[in-house]
Amino acid sequence: MSFNDRKWKLDFITHRNKFFAVSIIFVIAGIISLFTLGLNLGVDFESGSNITIDTNETLTNEQIQEDFATINESYAPNITLAGENNEIATARFIDVLNNDQVAEVRAYFIENYDAEPTVSTVSPQVGKELAQNAIYAVLIASLGIVIYLAIRYEFLYGVAAIVALLYDAFFIIALFSFLQVEVNVPFIAAVLTVVGYSINDTIVTFDRIRENVKKAKVIEGFKDLAEIVNTSLIQTLSRSINTVLTVVFAALSLLIFGGDAIFSFSLALVIGLVAGTYSSMFLAAQLWLVMKARYIKKQKLKPADPKEEEPIV
């Protein structure tokens, strides 16, 4: 079979095993990183306190560190600066500060900076619930996607889409583990955003595959399916590239100019957008091809029902 609207002689299918191998290597490396390095969990997911000081003057990391050391010699928080002139400082404490300690910090910064700090405290239970809710959100979204694709297309589309979706989410988490970038609530928001983008891109590709399957008069096996999938990927290639570049440029702007406050969100978004495009083209479509070809082969090898061969009288 052939398609008259095929413009480029690109072959995505021949190298499918290489794509699978690269993806498996990334997954294995990610698992190793998670077990050895773990995640750099922010105060949102671990017990601790955040103290934000919003002043009218430019602050430095060393200056705020000295201020906290003056309050208590044992204080050594992680400092993050934000604002156009670094006039906002956020100090992260691993331990939860009690009421007396919070009052002491507030009194110091009111007296020396004329600014009352904002204090937020997360208990271990709250952090645990946030992490659990994030996992539940991804699982519920995955289940909904499988059901939708099973009804709208077929079950195999749903399986392939979920594998690609979970790969995207895991890839972001694993890379954050390797780079030891802080994981916080904005990071979870970025992962869920990428999940939505990735599944949208995958559905567009699957919709084109379904259209080309309908155009095909005969599909005898892997070779015919491979041509359909390859043609569909070529037809949606320019759309996928243009879309991801547009969004990536916006995400890169956030990453460069957004400041430390949304750094985790911006970085996860950039990584996830690229991974989502990769998985839609080189994982989801290729995986559906392999599963569908095996299904057709099994149907051909399946013995015919003798009752169906009896003539109807």
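Is Gln286 buried or exposed? In this predicted model, Gln286 is buried, with a relative accessible area of 0%. The residue belongs to helix 8, and a polar atom of the Gln286 side chain lies 3.1 Å from the backbone oxygen of Phe12. Beyond residues up to four places away in sequence, Gln286 touches Phe12, Ile13, Arg16, Phe19, Phe20, Leu233 and Met281.

The protein has nine helices and six strands. Of its 313 residues, 42% are buried. The accessible surface of the protein comes to about 17,500 Å², and carbon and sulfur atoms account for 60% of that area. Among contacts between residues at least 6 apart in sequence, 78% join residues at least 24 apart.

The largest nonpolar core holds 60 residues, and Ile172, Phe176, Phe206, Ile209, Val229 and Trp288 are the ones that touch the most other members. At least two residues of this core are supplied by each of helix 1 (16-36), helix 4, helix 5 (155-179), helix 6 (185-215), helix 7 (222-257) and helix 8 (263-301). Helix 8 gives the largest share, 17 residues. Another core, of 19 residues, lies apart from this one, and its members include Ile71, Tyr75, Leu81 and Phe93.

When neighbours within four places in sequence are left aside, Trp288 is in contact with Glu154, Leu156, Tyr157, Ala160, Phe206, Ile209, Val213, Leu225 and Val229. Among these partners, Phe206, Ile209 and Val229 are also listed with Trp288 as residues that touch the most other members of the largest core.

Side chains of opposite charge can pair when their charged atoms come close. The count for this model comes to five salt bridges. One of them joins Arg239 and Asp201, whose closest N and O atoms are 2.7 Å apart. Arg239 sits in helix 7 and Asp201 in helix 6, so this pair ties together parts that are 38 residues apart in sequence.

Arg210 and Asp207 meet through their side chains at 3.1 Å, N to O. Because Arg210 and Asp207 are three residues apart in helix 6, about one helical turn separates them. Arg208 pairs with Glu211, and here the closest N and O atoms are 3.5 Å apart. Arg208 and Glu211 are likewise three residues apart in helix 6, and therefore also about one helical turn from each other. Both partners of this second pair are partly exposed: Arg208 has a relative accessibility of 29%, and Glu211 has a relative accessible area of 34%.

Ile135, Tyr136, Leu139 and Ile140 make a nonpolar surface patch of about 440 Å².

How values were computed:
Residues are numbered from 1 along each chain as its sequence is written. This is a predicted model: local features need pLDDT of at least 70, side-chain atom pairs count only at pLDDT 80 or more; totals for chains, interfaces and linings use all residues. Side-chain values use heavy atoms; hydrogens and water are left out. Patches are made of residues with over 30% relative accessible area and no salt bridge: like charges are joined within 9 Å, nonpolar side chains (Val, Leu, Ile, Met, Phe, Trp, Tyr) within 5 Å. Accessible areas come from the Shrake-Rupley method with a 1.4 Å probe; for residues, only the protein chains shown count as cover. A salt bridge is a side-chain nitrogen of Lys or Arg within 4 Å of a carboxyl oxygen of Asp or Glu. A nonpolar core is a set of buried Ala, Val, Leu, Ile, Met, Phe, Trp, Tyr and Cys residues joined through side-chain atoms within 4.5 Å. Buried means under 20% relative accessible area, exposed over 50%, partly exposed in between (1.4 Å probe, protein chains only). Helices (H or I, at least four residues) and strands (E, at least two) are DSSP runs, numbered from the N terminus. Contact means heavy atoms within 4.5 Å. A polar contact is a pair of N or O atoms within 3.5 Å; within protein, one must be able to donate a hydrogen and the other to accept it, and residues adjacent in sequence count only if both atoms are side-chain atoms.
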